[in-house]
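Here are a few exercises to work through with the model open beside you. Try each task before reading its solution.

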Amino acid sequence: MHLNRREFCVGTALSSLPLSTLAQGNAEIVVGQSVPTTGPLATLAGPLIIGTQVYFDQVNASGGVNGSKIKLVTMDDNFQPDRTHENVKKLISADKAIAILNTCGAPNSDGLITKNILSAAGVPLIGPYTASVLVRSRKSPLAYFVASGAGEEADAVVKQIKSMGLTKLGVMYQNDLFGQDGLAEVTRATKAEGIQLVGTGKFERNAEDIEPAIDELGKSAPQAIVMFGPGATTAKFVAGYRKKYGVRSMLISSSAGSVDAIVAATGQQNAAGIGLIQVVPNPANPTVRIAGEYRSALAKFGPKGAQISSYGMQGFITAKVLVEGLKRGGGRDAASLVQGLNSIRAWEMGGITMDFSGGNRQGSRFADIGIIGSSGRLLN
């Protein structure tokens, strides 16, 4: 189902999201995204879509790019890999999308590469929302990652734990490509830093019951737990672990976690002190230029009541990378876009640097750890 009406609903809890005004003159530049507007990642998809859209709206309000305005066509995949792959085929063949953005999940993104969906059409995937090392290891020339992966996240969190004098670590992970990569990378990093991995707790994708994972980690009594799960599941784990085992373990979420979801699940007081790995700058940071650009665009073009978020920030960055590629390529088709993206070298975006030159597809290696404060907001 195409969600290309003037307003569309992302689940029952999300606001209507305005799409850009269609171009009246030259042909539009169509870009597509298959994202989970329903299902377990719907709370992630809403801000991600909004962050992407407000940048395109800002560009369109100034006349567009290369003489055309950008139209974003969105399809819901319910976080199901097969639906993602079919949606992307339709976006490319029926909607003539010259790029695909923001696919969520490792298998969702991986299949676009391994099934040759991207290569058959010569269409790039920009900003896939996955930390998976495996997906990155495919080295697809058409997959452009705008955020750090599980390797950088694991290094950042293990070094932080070591600096605090902690020596016993546990890992909560979703049993799929994303979670398995997280576990593997944390295992590698702990060995390098001399930290002991004392326990793990896993759960299946889209699982409702995560009590076994909570209990497995509770029994091993780690000093800190790194959580590689979707935002809603991570919040559920935090609430369950705190209820059963109190504050004996420091809890740190991967970048897939959600501050708002954690605060909603645990309460503001219990959420204080929980860490979150960030692969984009804190959108609330008043000293970071791109964060200010995002906040300004959200205030001007976002739906009423839209809140800043790291998810939205990543969508904003993805959209900005696409537009930069179009500008550099000088055209309105996939081939010129790819040419433009490949020319991006050490591009300072105002708090994060992007580089796709020389065949590199890991555009950014930014990784930081924020802590939820007593106000329920993320602090750096």
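## Exercise 1: Aromatic pairs

Seven aromatic pairs turn up when the whole structure, a predicted model, is searched. Your task: take the pair of Tyr55 and Phe316, describe its geometry, and say which parts of the chain the pair ties together.

*Solution.* 
- Step 1: start with the geometry. The ring centres of Tyr55 and Phe316 are 5.1 Å apart, and their planes make an angle of 85 degrees. Planes over 60 degrees apart count as edge-to-face, and that is the class of this pair.
- Step 2: Tyr55 belongs to helix H1, whereas Phe316 belongs to helix H13 (residues 310–329), so the pair links parts of the chain that are 261 residues apart in sequence.
- Step 3: check the surroundings. Both Tyr55 and Phe316 are buried.

## Exercise 2: Helix H1 and the residues along it

Your task: find which strands helix H1 lies across, then work out what Thr52 touches and where the side chain of Asn60 makes a polar contact.

*Solution.* 
- Step 1: helix H1 covers residues 42–61 and lies across strand S1 (29–35), strand S2 and strand S3 (100–101). Relative to S2, H1 runs at about 165 degrees.
- Step 2: turn to Thr52, which is found in H1. Its relative accessibility is 0%, so Thr52 counts as buried.
- Step 3: list the neighbours. Leaving aside residues up to four places away in sequence, Thr52 touches Gln33, Leu72, Leu101, Asn102, Gly315, Phe316 and Ala319. Thr52 and Asn102 are 50 residues apart along the chain, and their C-alpha atoms are separated by 8.9 Å.
- Step 4: move along to Asn60, also placed in H1. Asn60 has a relative accessible area of 6% and is therefore buried, the limit being under 20%. A polar atom of the Asn60 side chain lies 2.8 Å from the backbone nitrogen of Ile70.

## Exercise 3: Strand order and pairing

Your task: give the order of the five strands in the open sheet, name the edge strands, and then examine how strand S6 pairs.

*Solution.* 
- Step 1: the order is S2-S1-S3-S4-S5, with parallel pairing in an open sheet.
- Step 2: strand S2 (70–76) and strand S5 (143–144) are the edges, each pairing on one side only.
- Step 3: follow S5 to its partner. Strand S4 (residues 125–126) is joined to S5 by two bridges in the parallel sense, and Ile126 stands opposite Tyr144.
- Step 4: now take strand S6 (residues 168–174). Six of its seven residues are buried, so S6 is largely enclosed by the rest of the structure. Seven bridges connect S6 with strand S7 (residues 196–203), and the two run parallel.

## Exercise 4: Helix H10 from start to end

Your task: describe the start of helix H10, its buried residues, and the residue that follows H10.

*Solution.* 
- Step 1: at the start of H10, a side-chain oxygen of Ser258 comes within 3.4 Å of the backbone nitrogen of Asp260.
- Step 2: in H10 (residues 259–266), the buried residues are Val259, Ala261, Ile262, Val263 and Thr266.
- Step 3: these buried residues pack against helices H9 (231–245) and H11 (268–271), and against strands S10 (275–278), S13 (368–372) and S14 (378–379).
- Step 4: Gly267 follows H10, with a positive phi near 90 degrees.

Notes: Residues numbered from 1 in each chain as written. Predicted model: local features only at pLDDT ≥ 70, side-chain atom pairs only at ≥ 80, totals over all residues. Heavy atoms only, no water. Pairing = 2+ DSSP bridges. Helix = DSSP H or I, 4+ residues; strand = E, 2+ residues; numbered from the N terminus. Contact = heavy atoms within 4.5 Å. Axes fitted to C-alpha atoms, helices over the stretch in contact; angles between N-to-C directions. Phe/Tyr/Trp six-rings, centres within 6.5 Å; stacked < 30°, edge-to-face > 60°. Buried < 20%, exposed > 50% of the residue type's maximum accessible area, 1.4 Å probe, protein only. Polar contact = N/O pair within 3.5 Å; in protein donor to acceptor, adjacent residues only side chain to side chain.
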